[in-house]
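Me: I have a model open and would like to learn how to read it, feature by feature. Could you walk me through it?

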Amino acid sequence: MTTSTIVAVALWIVALWRLPSIRHSHKQRALALTMVSLATAMTFEVPQVRDAVNALAGAEVRLPPLLKHLLGVISAAYLLDFVIAVVRPKGLARRTRLIAIGMTLPLMLTFYGLANWTSSGPIRIGEGRAALFSVLYMAVFTIYIGLSMIVATTLFLGGVRLSRTLLGKAGLGLLGLGTLLGSLYAMQRVTFVVIHLSTDTSYPDLENFLSTLLKQAAVLSIAFGLCLPPLSVAVDYARSWDTLRRLRPLWRELTGAVPYVVLTTAVRRWRISFRLERCVIEIEDASLALREYVSMEVHEKAQDFARREGVPDEDVDATVEAAWLRAAVQRTSAHQPLKGVEYPPLGVTGRDRASELVWLLKVARAYRSAMVMEFCNFGNSFARQCTEGNSN
């Protein structure tokens with residue numbers, strides 16, 4: 001299996017994976033069409049496909065190189081649309097970009113048809129007056145690819161710092177690397193044309209090697225870069241599911257004691273982020289309701305107990321909150337809320353969402369610990385404090 005075949009297969013795997021998202025948004029549509037265009041373009045470099053197309057259209061027509069270049073331009077246009085949608089949601093020079101692609105494709109078709117190409121190997125500049133058209137064709141192609149890749153590189157690398165996740169940053173970095181390699185691909189094409197025109201000397205083997213290497217490295221980098229942001233979403237989804245799974249036991253305990261805090265609107269099971277958000281809100285609402293069943297004295301005794309039991313300093317506050325929450329849950333079945341006492345503070349207050357989740361996970365873990373259960377065991381002295389409050 002040739003390298004071109006491996007590259008084409010890898011691109012088609014990514015393209016087919018992203019294709020269902022084509023209907024979701026302009027950004028996802030641009031991403032999917034970028035991959036389909038790139039995969040189709042690289043397919044024409046597979047020897048068997050190239051030979052089959054040449055057999056159908058005639059070798060003298062040289063259709064595979066034209067189709068490959070046209071698809072390369074189309075993929076560059078969609079990739080530019082994608083990065084602008086990601087980094088510049090308000091848009092960037094849309095009219096100019098439409099004019100550029102609208103002029104590039106017809107000019108390429110026209111110049112390609114009028115050019116005098118050599119009959120063997122990769123595209124080479126011919127001889128005679130028709131050679132001008134081959135120069136113009138290559139100029140239009142490389143100028144569009146080069147400029148679009150330079151703009152995309154600037155936007156991708158500039159967007160790395162805006163991404164909130166490590167995989168998102170890595171994805172934008174790989175995309176920036178891919179478009180940078182695409183810019184170098186265009187530059188080396190221009191360099192070899194200039195050398196040929198100015199010195200009448202050509203280096204076909206070196207040109208073909210560099211062109212293939214830069215092109216394949218660019219498209220693979222772009223393909224892997226386009227995979228990472230969706231993977232980042234999948235990682236976030238899995239992390240949210242795991243957090244929800246770990247918070248559910250605490251949620252069941254607290255909302256079972258004060259069920260009126262649970263929202264009645266049903267949520268689909270696959271909406272994990274929304275379910276996690278709702279779980280956190282209902283835990284907080286339940287905690288607010290339950291704190292009225294215990295006094296500050298319970299909080300202080302739980303704190304003393306935790307320190308005597310050797311709980312690490314960084315876990316004391318969460319353990320104390322878990323202790324008075326369990327005590328409050330036990331009180332709800334037989335007692336009214338306490339009146340005229342100072343209630344324990346809520347440790348979750350004033351936190352951002354990330355630290356809020358860390359805090360609640362600590363509380364959930366401590367809630368099931370043997371130490372908290374011992375503190376609220378009805379058989380020891382603390383049980384009386386938990387169950388014989390100063391209710392009025």
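Me: Let's start with α1. Which residues of α1 are buried?

Reply: A residue counts as buried when its relative accessible area is under 20%. In α1 of this predicted model, the buried residues are S4, T5, V7, A8, L11, V14, A15 and R18.

Me: And how far does helix α1 reach from its first C-alpha to its last?

Reply: You compare the end-to-end reach with what 1.5 Å a residue would give. Helix α1 covers residues 3-18, and its 16 residues reach 23 Å, close to the expected 22 Å.

Me: Let me try that on helix α12. What is its reach, and what is expected?

Reply: Helix α12 (residues 353-367) has 15 residues; its reach is 21 Å, close to the 21 Å expected. Its buried residues are E356, L357, W359, L360, L361, V363, A364, A366 and Y367.

Me: Now a pair of helices. At roughly what angle do the axes of α4 and α5 cross?

Reply: The angle is taken between N-to-C directions, and over 145 degrees counts as roughly antiparallel. The axes of α4 (residues 63-87) and α5 (residues 94-114) cross at roughly 175 degrees and come within 11 Å. The two helices are therefore roughly antiparallel to each other.

Me: Which residues make that contact?

Reply: From α4 they are P65, L66, H69, L70, V73, I74, A77, L80, D81 and I84, and from α5 they are R97, I101, T104, L105, M108, L109 and Y112. Sorted by class, this contact has 13 nonpolar, two polar and two charged residues.

Me: What is found in the loop between α4 and α5?

Reply: Have a look at A93, which is found in that loop. Here is the general idea: most residues other than glycine have a negative phi. A93 is not a glycine, yet its phi is positive, at about 50 degrees.

Me: Is A93 buried, partly exposed or exposed?

Reply: Its relative accessibility is 45%, so A93 counts as partly exposed.

Me: Stepping back, how many helices and strands are there in the chain?

Reply: The chain has 14 helices and zero strands.

Me: And how do I read the overall dimensions?

Reply: One way is to set the radius of gyration beside that of a compact globule. For 392 residues such a globule would have a value near 21 Å, but this chain has 32 Å. Along the principal axes, the C-alpha atoms fill a box of roughly 105 × 40 × 40 Å.

Me: What share of the chain is buried?

Reply: Buried residues make up 46% of the 392. As for contacts with a separation of 6 or more, 74% are between residues 24 or more positions apart.

Note on methods. Residues numbered from 1 in each chain as written. Predicted model: local features only at pLDDT ≥ 70, side-chain atom pairs only at ≥ 80, totals over all residues. Heavy atoms only, no water. Axes fitted to C-alpha atoms, helices over the stretch in contact; angles between N-to-C directions. Helix = DSSP H or I, 4+ residues; strand = E, 2+ residues; numbered from the N terminus. Parallel < 35°, antiparallel > 145°, perpendicular 65-115°, else oblique. Contact = heavy atoms within 4.5 Å. Nonpolar A, V, L, I, M, F, W, Y, C, P; charged D, E, K, R; others polar. Buried < 20%, exposed > 50% of the residue type's maximum accessible area, 1.4 Å probe, protein only. Expected span 1.5 Å × (residues − 1). Rg over C-alpha atoms; globule rule 2.2 N^0.38 Å.
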